[in-house]
Amino acid sequence: MSEQTPAVQIIDMVFPGDTNHHGTLFGGVALAHMDKVAFLAATRHGRASFVTAASEKIDFASPAYAGEMVEATGRIVRVGRSSLDCEVELVAEALVSGERRLCTRGRFTLVAVKEPGTRLPLPPLDADPAPAVPDTMLRTVDMVFPSQTNHYGTLYGGDALKIMGKAAFICATRHTRSVIVMASSDRIDFVSAIRTGEMVELASQVVYTGRSSVVVAVELWAEDLLTGERRRAACAGFTMVSVDDQGRPTPIVAQSAQEPAL
């Protein structure tokens, strides 16, 4: 019996360019996040190339506003011979208050592309999966597309720094529940190149809390979705500072332990 594939999660911020004239997230952008996480969950489970075949009715229960975080979580719920279903939830979170609400939920059907290396039938779901191990790190995944790579087909260093800095921002804001800005980045080591088509996973954790600042350690991992091979690609430390509406450092009041648990 195969091992149960864990849930896959994409975390992103809602910026003005992603919103409509009401200041809420475009439905198409929400669907793009959901389809991407369904694809990643499917490919991680089947270790094959997948395409989206269909989606069931998707209801938009609540909007996500500019400046909020959105969290798309995909779980495999059905596996056939060459297709599977992934259930996806999109949740919005106001980072300073911690208020969370379900925005939308849907189910996506994906089909494995029959290529020379495709192994069918797909691995079944584990009927008795092992309980999840508590994890204090904030984890999020994403996909590397050609527009993010250089002429060698590897991820630009600037794009790697961008997603690591965003992960540090979200981690620090969730920890302090205050307005956070980046003060500095410590030594950044690039250990391994990340190729087009690979999945990246960011693991972030607050390692030090001062009066008005926190230090966040971020690791960037690359994963070949077809083979499952994983490697540590980069690591960095970021100093983030809590500020008031005038941009002045302010004492950190709340310190939450990476909630909600991921």
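Modeller: Helices (H or I, at least four residues) and strands (E, at least two) are DSSP runs, numbered from the N terminus. This is a predicted model, in which local features need pLDDT of at least 70 and side-chain atom pairs count only at pLDDT 80 or more, whereas totals for chains, interfaces and linings use all residues. Residues are numbered from 1 along each chain as its sequence is written, and side-chain values use heavy atoms, with hydrogens and water left out.

Colleague: Where is Thr154 found? Is Thr154 buried or exposed?

Modeller: Thr154 belongs to the loop that runs between S7 and helix H2 (157-176). Buried means under 20% relative accessible area, exposed over 50%, and partly exposed in between (1.4 Å probe, protein chains only). Thr154 counts as buried because its relative accessibility is 17%. Leaving aside residues up to four places away in sequence, Thr154 is in contact (heavy atoms within 4.5 Å) with Gln148, Thr149, Ala193, Ile194 and Arg195.

Colleague: Which residues touch the most other members of the largest nonpolar core?

Modeller: Such a core is a set of buried Ala, Val, Leu, Ile, Met, Phe, Trp, Tyr and Cys residues joined through side-chain atoms within 4.5 Å. The largest one here has 32 residues, and those that touch the most other members are Leu40, Phe50, Leu90 and Leu110. Two or more residues each are given to this core by strand S1 (8-13), helix H1 (27-46), strand S4 (69-79), strand S5 (83-93), strand S6 (100-112) and strand S7 (138-143). H1 provides the largest share, seven residues. Another core, of 31 residues, lies apart from it and includes Ala172, Ile194, Val218 and Met240.

Colleague: What does Leu90 touch, not counting residues up to four places away in sequence?

Modeller: The partners of Leu90 are Leu25, Ala30, Met34, Val70, Glu71, Ala72, Arg101, Leu102, Cys103 and Thr104.

Colleague: What should the residues of H1 span?

Modeller: The expected span of a helix is 1.5 Å times one less than its number of residues. H1 has 20 residues and should therefore span 28 Å, in agreement with the 28 Å between its end C-alpha atoms. Its buried residues include Ala30, Met34, Val37 and Leu40, and the list continues to the end of the helix with Thr43, Arg44, His45 and Gly46 among them. H2, likewise of 20 residues, reaches 28 Å from first C-alpha to last, close to the 28 Å expected.

Colleague: How many bridges join S7 to strand S10?

Modeller: Two strands pair if DSSP finds at least two bridges between them. S7 and S10 (residues 199-209) run antiparallel and are joined by six, with Arg139 having Ala203 of S10 as its bridge partner. S10 also pairs with strand S11 (residues 213-223), in the antiparallel sense and over 10 bridges. Leu202 stands opposite Leu220 of S11, and a hairpin links S10 to S11 through three residues.

Colleague: What volume does the second largest pocket have?

Modeller: On a 1 Å grid over the protein atoms alone, a cavity is a set of points where a 1.4 Å probe fits but cannot get out, and a pocket is an open set with protein on both sides within 12 Å along at least five of seven lines; lining residues have an atom within 4 Å of a point. Grid points are joined across faces, edges and corners, and a volume is the space filled by probe spheres set on the points. The second largest pocket has about 340 Å³. It is lined by 20 residues, of which Asp12, Asp142, Gln148, Ile163 and Lys166 are the closest to its centre. S1, H1, S7 and H2 each supply at least two lining residues, and H2 contributes the largest share, six residues.

Colleague: Which residues line the largest cavity?

Modeller: Its lining consists of Asp142, Met143, Val144, Gln148, Leu155, Ile163 and Val200. The volume of the largest cavity is about 50 Å³, and the structure holds one cavity of 30 Å³ or more.
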